[in-house]
Amino acid sequence: MKYEIQGGNLPVVICTLEAGEAMTNQGGSMAWMSPNMSMQTEGGGSFGKALGRMFSGEKIFRNIYTAQGGEGMIAFASSFPGNIVALEVTDSHPIIFQKSAFLASTMGVTTEVFFNKKFGAGLFGGEGFIMQKAIGNGIVFLEIDGSAVSYALEAGQQMLIDTGSLAIMDASCSLDIQTVKGAKNVLFGGEGLFLTVVTGPGNITLQTMPLSEFAKRLAPYMQQYMPSGGDSSSGATITFGSKK
């Protein structure tokens, strides 16, 4: 399988498959494909795995696309402005990532639910109790909100991260939280009460505009320009500017 990521901040990954090669994806992410790509929808394993995908923000069913009779092409598009990251997964190098980030993968990769073992990190860390883990051997494509910035942490090296900004980390990294120090910083600093702490060794990928933060910044404008009561049939006029 060969691939190319295009599209800038509205990205798409275009994959070229040899005859008989197959890929699986999160339903709804397929953008276009050649006519010889066959599609099959399945639950993707046991009931427990399907339930785990549901809890991690994915759809229960996945699609499998196979190139038939020769080379095939298929493209998977991101659902939000940002980046698509391609990562190699091996038996000795599993990847942990935020829920709902899975876009597509080769058939040798399996995703499973990953529970944050530390109660505090799950409750206040912004990444939640439930993340996802990619295991097996192959390539996984993940969606990143905004731009992606990666760091390689040495053993014991730490990075303090605003909640929600951690997108991907190696399974060798550990995740915890710490409170922002100083009452004035907490009350007036605007950075919240908790920070996510990731400790190496391993690679981490951060995202510059988490979807939750994007929605929070849009909320005041949505409230300003929505008709009162949210009923568009009331005949209320939405005014975006004024004329003199």
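Leu 17 stands opposite Gly 72 in β7. Strands here are DSSP runs of E with at least two residues, helices are runs of H or I with at least four, and both are numbered from the N terminus. Two strands count as paired if DSSP finds at least two bridges between them. This is a predicted model, in which local features need pLDDT of at least 70 and side-chain atom pairs count only at pLDDT 80 or more, while totals for chains, interfaces and linings use all residues. Residues are numbered from 1 along each chain as its sequence is written, and side-chain values use heavy atoms, with hydrogens and water left out.

β2 also pairs with strand β1 (residues 2-6), again antiparallel, through 5 bridges. Within this pairing, Gln 6 has Val 12 as its bridge partner. The hairpin of β1 and β2 has 5 residues between the strands, and Gly 7 takes a positive phi near 105 degrees there.

## The nonpolar cores

A nonpolar core is a set of buried Ala, Val, Leu, Ile, Met, Phe, Trp, Tyr and Cys residues joined through side-chain atoms within 4.5 Å. The largest such core has 14 residues, and those touching the most other members are Val 13, Cys 15, Leu 17, Met 23, Ile 74, Phe 76 and Phe 141. At least two residues each come from β2, β6, β7, β10 and β13 (138-145). β2 gives the largest share, 3 residues.

Leaving aside residues up to four places away in sequence, Val 13 touches several residues, among them Tyr 3, Ile 5, Ile 74, Phe 76, Leu 103 and Phe 141; a contact means heavy atoms within 4.5 Å. A second, separate core has 13 residues, including Val 85, Phe 97, Ala 101 and Val 109.

## A six-stranded sheet

An open sheet is formed by 6 strands in the order β5-β6-β3-β10-β13-β8, with antiparallel pairing. Its edge strands, β5 (37-42) and β8 (82-89), each pair on one side only. On average, neighbouring strands of this sheet are turned by 20 degrees against each other, direction ignored. Such angles run from 0 to 180 degrees between N-to-C directions, with axes fitted as lines to C-alpha atoms (for helices, over the stretch in contact).

Inside this sheet, β3 (residues 22-26) and β6 (residues 62-67) are antiparallel and share 5 bridges. Ala 22 has Thr 66 in β6 as its bridge partner.

## Two loops

Gly 200 and Pro 201 are joined by a cis peptide bond, with omega about 25 degrees. Pro 201 lies in the loop between β18 (194-199) and β19 (202-207).

Ser 100 is in the loop between β9 (95-97) and β10 (102-106). Its phi is positive, near 75 degrees, in a residue other than glycine. Ser 100 is partly exposed, with a relative accessible area of 41%.

## The whole protein

The protein has 4 helices and 19 strands. Of its 244 residues, 39% are buried. Among contacts between residues at least 6 apart in sequence, 77% join residues at least 24 apart.

Conventions:
Buried means under 20% relative accessible area, exposed over 50%, partly exposed in between (1.4 Å probe, protein chains only).
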